Amino acid sequence: MKNAFISILLLIFFSFILSIGSSQPADGVCKEDTTLSAASNDNNNMLYSIILPTYNERDNLPLITQFIHDTFTDAKLNYEIVVVDDSSPDNTLDVAKDLQKIFGTDNFQIVSRPGKLGLGSAYSAGLKKSKGQRIILMDADLSHHPKFIPQMIDVMDDNKKKVDIVSGTRYARGGGVAGWDTYRKLTSCGANFLASFLLNTGGASDLTGSFRLYEREAIELILPSIKCKGYAFQMEILVRAHKAGLKIGEVPITFVDRIYGESKLGANEIIMYLKGLLQLFFTT
């Protein structure tokens, strides 16, 4: 009943937004002149650090690691994977250690933490461990396919746009979602449109997505100021980035629901998101 009630509330918000015709432009690129883009775009020397927070992902981690390896090898790009595991009870850490033996410490780093300490702190821990000039944040559950990463890099390397962040979006033309039921689609769309209506994000079309490429200077600038937790964390990053004058680009992606394991989205996460949304509305 609680989930259904929350879905109805989001549907009301969504209908209200559409009824007054409010929308944000979907080009996903801020118009400010300030940029933190790297001075050199020589991808032959560039190191990309992919940070993967994990909790009960033992079945997914080997697959996403192989997909990342294949993508970067085919594109002739240097990479390292940084797994941040929060003491997964399914022994994800043991799987990570086995993968490190296969791929080597140059390509596979591990941060083991004593418990579930939150997504934001997981990214911070991974960032401290990483060595790359550019940082990729993505899920380890196969929802985000690494095949989109070369397109994201192309957008960041476009000298005409000079963006600091490239967001993988489900909601721009060419993007989409596979494997979600009506409740999940309603929740996601309602949350995204509500945030677009209430917050100033420079026209980014996917505020709750977590598949993004950052210039290292950009994520290091933003991350210390983030206060929200859960799914509102991703939303706050774009709000703070736009407020700081950073430029945001977008690449349409197809989001695929996880095959192995259980979704971590529940009523508590939705409530935390709504609290974070209101906090950002009144403070930014």
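Trainee: Which residue follows α3, and what is its phi like?
Mentor: That's Gly104, and its phi is positive, near 90 degrees. Keep in mind that this is a predicted model.

Trainee: OK, and α3 itself: how many residues does it have, and how far does it reach?
Mentor: Helix α3 runs over residues 92–103, which is 12 residues. From its first C-alpha to its last it reaches 16 Å, close to the 16 Å expected at 1.5 Å a residue.

Trainee: Which residues of α3 are buried?
Mentor: Thr92, Leu93, Val95, Ala96, Leu99 and Phe103. They cover an arc of only 155 degrees around the axis, so they sit on the same side of α3.

Trainee: Why would residues a few places apart in a helix point the same way?
Mentor: An α-helix has 3.6 residues a turn, so residues three or four places apart point the same way.

Trainee: What do the buried residues of α3 pack against?
Mentor: They pack against β1 (47–54), α2 (61–74), β2 and β3 (108–112).

Trainee: Switching to the largest nonpolar core: which residues touch the most other members?
Mentor: Ile51 and Met235, out of the 36 residues in that core. Several elements give two or more residues to this core, including β2 (78–85), α4 (119–129) and α9 (267–283). α8 gives the most, with seven residues.

Trainee: And what does Ile51 touch, leaving out residues up to four places away in sequence?
Mentor: Quite a list: Val82, Val84, Tyr123, Gly126, Leu127, Ile135, Ile136, Leu137 and Met138. Apart from this core lies another one, of 35 residues, with Tyr48, Leu52, Ile81 and Leu93 among them.

Trainee: New topic. Where is Ser188, and is it buried or exposed?
Mentor: Ser188 is in helix α6. Ser188 counts as buried because its relative accessible area is 9%, and the cut-off for buried is under 20%. Beyond its neighbours within four places in sequence, Ser188 is in contact with Arg170, Tyr171, Trp180 and Thr208.

Trainee: What separates the C-alpha atoms of Ser188 and Asp206?
Mentor: 9.7 Å, with the two residues 18 apart along the chain.

Trainee: What about Thr201, where does that lie?
Mentor: Thr201 is in the loop between α6 (182–198) and β7 (212–215). Thr201 has 0% relative accessibility, so it counts as buried. Setting aside residues up to four places away in sequence, Thr201 touches Leu207, Val239, His242 and Ile248.

Trainee: Last one: how many disulfides are there?
Mentor: The count comes to zero. As for cysteines, Cys189 counts as partly exposed because its relative accessibility is 26%, while Cys228 is at 7% and so counts as buried.

Conventions: Residues numbered from 1 in each chain as written. Predicted model: local features only at pLDDT ≥ 70, side-chain atom pairs only at ≥ 80, totals over all residues. Heavy atoms only, no water. Helix = DSSP H or I, 4+ residues; strand = E, 2+ residues; numbered from the N terminus. Buried < 20%, exposed > 50% of the residue type's maximum accessible area, 1.4 Å probe, protein only. Contact = heavy atoms within 4.5 Å. Disulfide = S-S within 2.5 Å. Core = buried A, V, L, I, M, F, W, Y, C linked by side-chain atoms within 4.5 Å. Expected span 1.5 Å × (residues − 1). Arc of directions from axis to C-beta.
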